[in-house]
Amino acid sequence: MLQQVWGYPAFRGPQEGIVRHVIAGGSGLVLMPTGGGKSLCYQVPALCRPGLAVVVSPLIALMQDQVAALQQLGVAAAALHSGLEPAAAKATWRQVQAGSLDLLYVSPERLLGGDLLAQLASLPAPEPLALFAIDEAHCVSQWGHDFRPEYIQLGVLAERFPAVPRLALTATADPRTRAEIIERLRLEEGQVFLASFDRPNIRYLLRAKEQPGRQLQAFLAEHRGEAGIVYARSRSRVDQLARELQAAGFDAVAYHAGLGAEQRSAALQRFRNEAAVVVVATIAFGMGIDKPDVRFVAHVDLPKSLEAYYQETGRAGRDGLPAVAWMLHGAGDIPQLRRFIDDSAAPEEQKRIEHGKLEALIAYSEAAGCRRQVLLRHFGEALAEPCGNCDGCLEPQALADLTVPAQKLLSAVVRTGQRFGGAHLVDVLLGGDTEKIRQFGHRELSVHGIGRELDRSQWRTLVRQLSSLRYLVPVPDGKGGLQLGPQELVRPLLRGETVLELPLPPPQKESRRRSSSGSDRSQELVEDAANGELLQALKSWRREQARAQGVPPYVVFHDRTLVELAARRPRDRAALGGISGIGAAKLERYGEGLLAVLLGQET
Ligand code: ADP
Ligand code: ZN
């Protein structure tokens with residue numbers, strides 16, 4: 001079924017075990033990262049088992065994409081949701097009754113409100129239902145940020161359809177959410193399938209935040225012609241960044257909850273249908289996106305937890321091709337994030353959990369060495385070797401003995417009265433002559449100009465490191481000043497009893513993008529084909545096909561398939577069928593057209 005319908009040569013990770021389990025009538029919970037391939041886990045059994053598969057999905061846009069993609073594969077799929085005209089809904093329901101549909105996508109409201117459940121229960125045929133799939137199953141969790149009250153009622157499926165397998169799927173792996181899903185969806189008897197949460201094609205690059213606007217533009221300049229998402233914390237910042245990027249000639253659009261529905265849907269539409277749009281967004285731009293060829297996700301502000309970071313960066317590179325998760329981190333973000341949590345209306349226990357999650361993110365961003373090892377460890381997975389595809393691995397920083405600079409910095413904090421922020425402290429250490437230094441007479445201090453062994457960005461790093469290690473803590477008035485941390489920590493350092501070894505970035509300037517050491521096959525394919533006119537020709541052919549049918553280009557073919565076509569240049573139908581992503585229906589439908597492009601390029 002996988003080869004015939006999807007044209008894929010093999011299952012990935014735990015897919016095969018899951019598919020066999022469900023075909024045999026088993027229920028369960030699938031925990032797999034974004035882009036891991038959850039959909040196939042229920043779509044293949046849906047075609048192998050008799051009867052209709054009902055897929056519960058929380059978002060209309062996602063449903064529509066999935067249905068369009070399945071129809072392209074020649075699968076009989078449809079969706080029922082609130083956005084549908086009554087006539088269209090009736091027609092779909094008639095298909096269900098006639099037994100001519102393989103998959104029906106429904107919103108939870110639609111499934112549980114009204115009499116759909118009763119109707120499903122009274123379908124004729126000996127085995128009318130193949131399975132229930134519950135996508136984005138973490139929406140049952142009251143602790144999560146995607147909570148959907150209707151999801152809780154999905155527990156009734158266990159009672160009403162005890163003989164029908166139920167498969168819940170999510171990319172949220174933390175044990176608490178997992179337990180909640182199992183309990184609420186009554187999956188105690190089912191099996192849990194846990195895939196690795198590693199996303200090896202994503203390159204994690206973190207940078208110290210200095211001049212976010214400028215740094216972002218330098219990063220985007222390396223990614224011209226690619227689609228990506230830039231996350232920023234507030235609406236005003238999103239608007240401002242989008243304007244700056246537009247002025248700098250980038251095809252950027254803003255997206256946040258403060259914009260009108262029309263503006264938002266236009267932004268989403270452009271992002272889905274065009275090749276190289278950059279969306280600048282708050283986290284409001286999230287769950288509805290399963291565009292497979294997002295090449296980068298950039299964070300100009302720290303997200304609120306390591307889980308959020310993982311989920312947001314996970315939107316890059318779902319197609320398995322190389323992608324980048326780039327983040328600016330600065331100590332300045334941290335007090336604000338702490339305040340957000342403290343000021344929220346959540347119960348104390350919840351606040352403690354959130355603080356813990358934020359600390360995990362800070363530790364990740366300050367870690368020396370391999371980022372991926374830290375990230376995966378947080379999700380309970382061990383990665384034995386450094387990954388070779390993150391800034392920690394690609395740009396190793398030697399540990400330096402920073403005891404003396406740290407002492408100088410702490411002295412500067414004390415001498416200036418424990419009330420100034422990092423920027424001013426660094427000015428003092430570097431012997432600056434700013435307005436503020438003159439105003440406060442800081443040129444007269446003994447610490448003025450004693451820190452010329454490090455440059456500005458290195459000092460800023462040290463400020464951040466000492467903050468994350470709690471040698472420096474924010475002044476409680478919340479104005480961004482720093483004071484000394486707890487005595488028992490600070491004293492030994494000032495006396496020279498503690499030796500501080502920390503990674504120190506090389507002086508100034510952004511390092512250039514380097515190619516991966518262990519570049520995989522797909523990376524080579526991309527590079528071979530990247531400049532090829534053939535790939536461009538295939539893409540413009542795809543654009544035409546997509547436009548004619550009113551679907552996003554990736555629904556016709558994924559980049560991955562086009563890249564493979566350009567690299568292998570199949571010359572007949574048989575060879576075409578051997579390309580990953582070309583199943584029987586697509587061969588039938590697009591074979592001629594593809595061959596025309598492929599052969600046309602040769603002459
Ligand atoms: P998820 O829902 O877990 O985020 P998807 O189900 O959307 O992931 O799958 C991500 C991408 O990987 C899709 O483009 C899908 O077609 C592709 N994919 C999934 N399984 C396989 C496989 N066995 N071989 C090739 N491609 C696959
Ligand atoms: Zn690494």
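Predicted model: local features only at pLDDT ≥ 70, side-chain atom pairs only at ≥ 80, totals over all residues.

Reader: Okay, how many residues surround ligand 1, and which are the closest?

Author: There are 15 residues around ligand 1, and the closest of them are Y8, G35, K38, S39 and H558. Sorted by class, that shell holds five nonpolar, seven polar and three charged residues.

Reader: Which helix gives the largest share of the shell?

Author: That is helix α3, which spans residues 38-48 and supplies three residues of the shell around ligand 1.

Reader: And what distances separate the oxygen atoms of ligand 1 from the side chains of K38, S39 and R12?

Author: For S39, a polar side-chain atom lies 2.6 Å from an oxygen atom of ligand 1. In the side chain of K38, an N or O atom is 2.8 Å from a ligand oxygen, and for the side chain of R12 the corresponding distance is 3.2 Å. As for cover, ligand 1 on its own has 560 Å² of accessible area, and the protein covers 85% of that.

Reader: Switching topic, what domains does the chain have?

Author: The domain assignment gives domain 1 (2-194), domain 2 (202-394), domain 3 (399-503) and domain 4 (524-598).

Reader: How far apart are domain 2 and domain 3, going by their C-alpha centres?

Author: Those centres lie 29 Å apart, and the contact involves twelve residues from domain 2 and eight residues from domain 3.

Reader: What area do domain 2 and domain 3 bury between them?

Author: Together they bury about 810 Å², with 56% of it on carbon and sulfur atoms. On the domain 2 side, E210, A331 and E366 lose the most area to domain 3, together making up 47% of what that side buries.

Methods. Residues numbered from 1 in each chain as written. Chains lettered and ligands numbered in written order. Heavy atoms only, no water. Near = heavy atom within 4 Å. Polar contact = N/O pair within 3.5 Å; in protein donor to acceptor, adjacent residues only side chain to side chain. Areas by Shrake-Rupley, 256 points an atom, 1.4 Å probe, with all protein chains shown as cover. Helix = DSSP H or I, 4+ residues; strand = E, 2+ residues; numbered from the N terminus. Nonpolar A, V, L, I, M, F, W, Y, C, P; charged D, E, K, R; others polar. Domains from an automatic or database assignment. Contact = heavy atoms within 4.5 Å. Buried area = accessible area lost by both parts, 1.4 Å probe.
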